[in-house]
Amino acid sequence: MSGGHERRPVDWGAVRARLARQNAALEDIFSGRGRWADAVLDRRAAELAVPPQMTRISRTAVLIARGAEMRYALALRHLAHIVPLPRLARVPGAPPAVLGVIATGGRVMRLFDLDRLCGGGAADGTAAGDGYAVVLRTGDRRPAALRLATVERVEELDLSTFAEAPPEPDQRAEQSYVRGLTAERVAILDMAAILDAVTAA
């Protein structure tokens with residue numbers, strides 16, 4: 001037939017050869033051989049060659065909240081829940097950072113003023129409903145919460161870009177829980193150190 005396309009016979013040998021090559025490539029990938037695996041191993045070796053002090057978790061979900069004097073970034077993985085400030089019972093003789101005890105979620109816990117923990121002054125007013133209590137994830141350790149004036153939002157921060165916070169000349173090193181500052185002057189907190197401090201007996 002003129003103008004038509006002739007149907008060529010299928011070269012089954014070439015088909016089988018192509019499938020064999022594809023299967024062999026897949027086997028190399030899953031067994032850790034071949035150019036693909038070599039590239040992955042080379043990249044992993046380059047990552048491991050970077051000194052640990054030069055690597056940082058790039059993006060972390062944080063709660064942005066405000067105290068009396070500044071704004072803070074608290075890593076969400078350390079927070080259990082947030083509630084309007086419950087009724088506060090004062091504790092005579094407690095350290096300055098301890099505002100008192102509160103009851104929330106069926107548990108009684110100490111409430112710490114985050115400003116005072118970070119070396120600043122306490123927020124004005126600590127009546128019930130004035131501010132928020134951020135309950136921490138303390139596991140089997142002593143329960144604790146942080147008092148904040150306002151809660152703004154949750155966002156992801158690129159922690160590889162923060163500026164190291166300069167040490168305060170009149171602040172003891174063990175009281176400094178600010179790891180750094182963002183460009184917007186949000187203080188990035190060392191939540192692991194704060195947890196250790198507020199759960200201590």
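In strand 2 (71-75), the bridge partner of Arg66 is Arg71. Helices (H or I, at least four residues) and strands (E, at least two) are DSSP runs numbered from the N terminus, and two strands are taken to pair if DSSP finds at least two bridges between them. The model is predicted, so local features need pLDDT of at least 70 and side-chain atom pairs count only at pLDDT 80 or more, whereas totals for chains, interfaces and linings use all residues. Residues are numbered from 1 along each chain as its sequence is written, and side-chain values use heavy atoms, with hydrogens and water left out.

Strand 1 and strand 2 run antiparallel and are joined by five bridges; they form a hairpin with four residues between them. Strand 2 is also joined to strand 11, by three bridges, and these two run parallel. Arg71 stands opposite Val186 in strand 11. Five of the five residues of strand 2 are buried, so this strand is largely enclosed by the rest of the structure. Buried here means under 20% relative accessible area, exposed over 50%, and partly exposed in between (1.4 Å probe, protein chains only). Both faces of strand 2 are covered, with Arg71, Ala73 and Ala75 on one side and Tyr72 and Leu74 on the other.

An open sheet of five strands has the order 3-6-7-5-4, with mixed pairing. Its edge strands, strand 3 (79-84) and strand 4 (98-104), each pair on one side only. From one strand to the next the twist averages 30 degrees. Strand 5 (residues 107-113) and strand 7 (residues 144-148) run parallel and are joined by four bridges; Asp113 stands opposite Arg147 in strand 7. Helix 4 (residues 191-198) packs on the sheet and touches strand 3, strand 5, strand 6 (132-136) and strand 7. The direction of helix 4 makes about 115 degrees with that of strand 7. Axes are lines fitted to C-alpha atoms, for helices over the stretch in contact, and angles run from 0 to 180 degrees between N-to-C directions.

A nonpolar core is a set of buried Ala, Val, Leu, Ile, Met, Phe, Trp, Tyr and Cys residues joined through side-chain atoms within 4.5 Å. The largest has 25 residues, and Leu74, Leu114, Leu117, Leu146, Met191 and Ile194 have the most contacts inside it. Elements giving two or more residues to this core include strand 1 (59-66), strand 2, helix 3 (114-117) and strand 11 (186-189). Helix 4 gives the most, with four residues. Leaving aside neighbours within four places in sequence, Ile194 is in contact (heavy atoms within 4.5 Å) with Leu114, Leu117, Leu146, Tyr177 and Leu189.
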